[in-house]
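Here is a short tour for someone meeting this protein for the first time. Have a look at the sequence and the 3D view, then read on.

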Amino acid sequence: KDILYSQLLQLAHDAPREIERVELSGEHTAVAVLRDGSRLRARYPREESVVDLESLLRRAGVELVRQ
């Protein structure tokens, strides 16, 4: 399911335990794999945009995979 990047950041902030891992692909796309098996895809504008997401995930102990 496609979501806005801001929604992905919000999820990582509010409910990081729902996220199993986040995969980053080359085309500025982040895919969050949730614990229930569903996937959320969000496009982000710049490489620097990932810094906020990365720190939120790290704080929660969620794996970030760069592909």
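Is arginine 66 buried, partly exposed or exposed? Arginine 66 is partly exposed, since its relative accessible area is 47%. The cut-offs here are under 20% relative accessible area for buried and over 50% for exposed, with partly exposed in between (1.4 Å probe, protein chains only).

## Before you start

You're looking at a predicted model, where local features need pLDDT of at least 70 and side-chain atom pairs count only at pLDDT 80 or more, while totals for chains, interfaces and linings use all residues. Residues are numbered from 1 along each chain as its sequence is written, and side-chain values use heavy atoms, with hydrogens and water left out.

## Salt bridges

Let's begin with the charged pairs. A search of the whole structure turns up seven salt bridges, each one being a side-chain nitrogen of Lys or Arg within 4 Å of a carboxyl oxygen of Asp or Glu. One of them pairs glutamate 54 with arginine 66, at 3.2 Å from N to O. This pair ties together distant parts of the chain: glutamate 54 sits in helix 2 and arginine 66 in strand 4 (residues 63–66), 12 residues apart. Helices (H or I, at least four residues) and strands (E, at least two) are DSSP runs, numbered from the N terminus. Glutamate 54 is partly exposed, because its relative accessible area is 23%. Salt bridges that share partners also join Glu20, Arg21, Glu23 and Arg39 into one network.

Arginine 21 has 23% relative accessibility, so it counts as partly exposed. Glutamate 20 is partly exposed too, at 35%. Another salt bridge brings arginine 46 and glutamate 48 together, their closest N and O atoms being 3.4 Å apart. Here arginine 46 is partly exposed at 46%, whereas glutamate 48, at 53%, is exposed.

## Two helices side by side

How do helix 1 and helix 2 sit against each other? The axes of helix 1 (residues 5–14) and helix 2 come within 9 Å and cross at roughly 20°. That's why helix 1 counts as roughly parallel to helix 2. For the angles, under 35 degrees is roughly parallel, over 145 roughly antiparallel, 65 to 115 roughly perpendicular, and the rest oblique. The axes themselves are lines fitted to C-alpha atoms, for helices over the stretch in contact, and angles run from 0 to 180 degrees between N-to-C directions. The crossing of helix 1 and helix 2 is left-handed, a label used if the near helix is turned anticlockwise from the far one by less than a right angle (clockwise would be right-handed).

Helix 1 contributes Tyr5, Leu8, Leu9, Ala12 and His13 to the contact, and helix 2 brings Val50, Asp52, Leu53, Leu56 and Leu57. Contact means heavy atoms within 4.5 Å. Sorted by class, the contact has eight nonpolar residues, one polar and one charged. In that scheme Ala, Val, Leu, Ile, Met, Phe, Trp, Tyr, Cys and Pro are nonpolar, Asp, Glu, Lys and Arg are charged, and the others, Gly among them, are polar.

## More on glutamate 54

Setting aside its neighbours within four places in sequence, glutamate 54 is in contact with Leu64 and Arg66. Glutamate 54 and alanine 12 are 42 residues apart in sequence, yet their C-alpha atoms are 9.3 Å apart in space.

## Two buried residues

Which loop holds serine 49? Serine 49 is in the loop between strand 3 (39–43) and helix 2 (50–60). With a relative accessible area of 11%, serine 49 is buried. Apart from neighbours within four places in sequence, serine 49 touches Tyr5 and Tyr44.

Leucine 40, found in strand 3, is also buried, at 12% relative accessibility. Neighbours within four places in sequence aside, leucine 40 has contacts with Lys1, Ile3, Leu11, Ala30, Val31, Ala32 and Leu34.

## A positive phi

One last stop is histidine 28. This residue isn't a glycine, but histidine 28 has a positive phi of about 55°. Histidine 28 is placed in the loop between strand 1 (19–25) and strand 2 (29–34), and is partly exposed at 24%.
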